[in-house]
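User: Could you walk me through this structure, starting with the ligand?

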Amino acid sequence: MDLRVGARGTGAAHAVGTLLRGWRKRALLTQEQLAEKAGLNVRTVRRLENGGLWQPRSRSVLLLAQALELGGEEREQLAAAARGLPVAGTGEVAARPIVPRQLPAGLAALAGRERELAVVEDAHRARTALVVAIDGMAGTGKTALAVHAAHRLAPGFPDGQLYVDLHGHGAAPVEPGEALARMVRALGVPAEEIPDHDEDRAALYRSVLSERRVLIVLDDAAGAEQVKPLLPAGPGCRVIVTGRGRLSGLGDTRAVSLDVLPAPAAVALFAEVAGHERAAGASPGELEEVAARCGWLPLAVRIAAERLRARPTWSVRDLLKRLAGDRLAELAAGGHDVAAALDRSYDRLPAELRRAYRLLGARAGDGADDGADDSANLDSRTAAALLGTSAPHAERLLERLLDAHLLRESAPGRYRFHDLVRDHASRSSRVA
Ligand SMILES: Nc1ncnc2c1ncn2[C@@H]1O[C@H](COP(=O)(O)OP(=O)(O)OP(=O)(O)O)[C@@H](O)[C@H]1O
Ligand SMILES: [Mg+2]
């Protein structure tokens with residue numbers, strides 16, 4: 001690009017000076033620092049900024065542009081000003097909006113999930129839906145998938161990536177107004193300019209995002225009501241939401257339901273975390289058995305592997321023996337805990353669903369559904385008898401447990417627990 005100073009005159013020199021000063025301040029550099037970075041004499045920088053240098057060398061201007069890390073558009077602007085052409089905004093250089101990069105560190109590689117990752121990525125690359133909503137039971141890898149996909153999509157969203165943990169299944173879910181305040185602050189709005197009312201905040205949020213290309217990750221949503229005010233309206237933004245419950249009512253949405261892992265991926269995850277040399281001491285059948293006892297659930301597989309890694313004297317067979325007993329008690333390590341994760345789902349249920357979960361869990365705990373036989377399945381008539389209600393009402397309760405991913409549907413109208421959820425429901429029935 002040609003940065004030669006063409007037309008000469010105080011107007012052009014003034015415009016060049018104004019631009020350089022603004023960009024230098026934006027880069028938080030003193031004149032001395034800029035001069036040093038550009039390899040120029042500080043007097044040259046001073047004279048340029050003061051409009052006292054009518055004929056700067058094109059090389060000097062180029063060095064300054066590089067030192068200030070100007071983008072293509074700004075370089076054009078500088079070149080135009082240097083040629084004496086009118087340049088908009090030379091009265092004052094607008095501050096470059098802050099570009100938030102809030103994604104937490106992701107996993108270097110996901111075990112399995114190729115298909116789900118492709119769905120999330122394709123939807124947002126093709127800009128087909130505003131929202132991709134990932135749902136699934138506790139610990140199934142929703143956050144891992146969302147964050148991994150977001151890192152891969154980030155280059156397509158040059159104005160930044162926002163990440164908010166909505167703590168939808170924690171003790172204190174984040175209020176939408178609070179989430180909005182945090183996001184607009186991250187986008188460069190000073191705290192004192194954030195309105196008090198949620199609707200005004202949401203309007204400000206949409207305005208700030210209206211012409212930016214930002215990817216927004218809303219992790220662990222309690223439900224659609226928490227998410228709706230956080231949806232942007234501009235064409236350049238896209239959203240990934242995760243939540244344990246199915247999220248409906250968000251409008252233009254591509255839903256991705258995340259099931260437990262396929263066997264090879266669960267075994268690969270176990271070996272990766274436990275260490276390949278430890279896993280190598282076990283037979284393929286034993287490794288698969290460990291993953292099976294973890295219900296193929298990524299959270300459980302990871303915890304089991306961490307336990308083995310932390311105990312150099314254990315073999316995979318020792319681990320298997322332990323998992324044959326009270327699995328939920330075994331599946332806790334390093335701050336991760338399957339039972340605690342399921343407790344959070346259970347605690348959020350209304351009383352009527354908690355009761356249904358416990359009663360269905362008590363039946364399962366009787367051993368009625370050991371193994372893969374059909375007695376593991378429930379239908380609405382069996383549930384109605386257990387719950388002391390009508391079949392249609394029982395079916396509604398079963399559907400709501402299904403939506404919360406505390407039950408699975410084995411065939412239309414047939415329901416069963418995931419193994420670890422069954423253990424949890426049965427345990428809940430005993431302590432209630
Ligand atoms: N595909 C995967 N490959 C490797 N590790 C995974 C995978 N999926 C999940 N994990 C790991 O399993 C654990 C649970 O995953 P994650 O936190 O993403 O689950 P979640 O579905 O978001 O759970 P919650 O419902 O509690 O929010 C994490 O330690 C995560 O790193
Ligand atoms: Mg999560």
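What follows is a short chat about the ligand and its surroundings.

Analyst: Some ground rules: this is a predicted model, where local features need pLDDT of at least 70, side-chain atom pairs count only at pLDDT 80 or more, and totals for chains, interfaces and linings use all residues. Residues are numbered from 1 along each chain as its sequence is written, chains are lettered from A and ligands numbered from 1 in the order in which they are written, and side-chain values use heavy atoms, with hydrogens and water left out.

User: How many residues surround ligand 1?

Analyst: There are 16, and A111, K142, T143, A144 and R244 are the closest; a residue counts as near if one of its heavy atoms lies within 4 Å.

User: Which domains give residues to that shell?

Analyst: Domain 2 (114-257) and domain 3 (263-339) both do, so ligand 1 lies between them; the domain bounds come from an automatic or database assignment.

User: And what polar contacts are there?

Analyst: Taking a polar contact as a pair of N or O atoms within 3.5 Å, an oxygen atom of ligand 1 is 2.8 Å from a side-chain N or O atom of T143, a backbone N or O atom of A144 is 2.8 Å from a ligand oxygen, and a polar backbone atom of T140 is 3.2 Å from one.

User: How much of ligand 1 does the protein bury?

Analyst: The protein buries 86% of the 630 Å² that ligand 1 exposes when taken alone, with accessible areas from the Shrake-Rupley method and a 1.4 Å probe.

Conventions: Polar contact = N/O pair within 3.5 Å; in protein donor to acceptor, adjacent residues only side chain to side chain.
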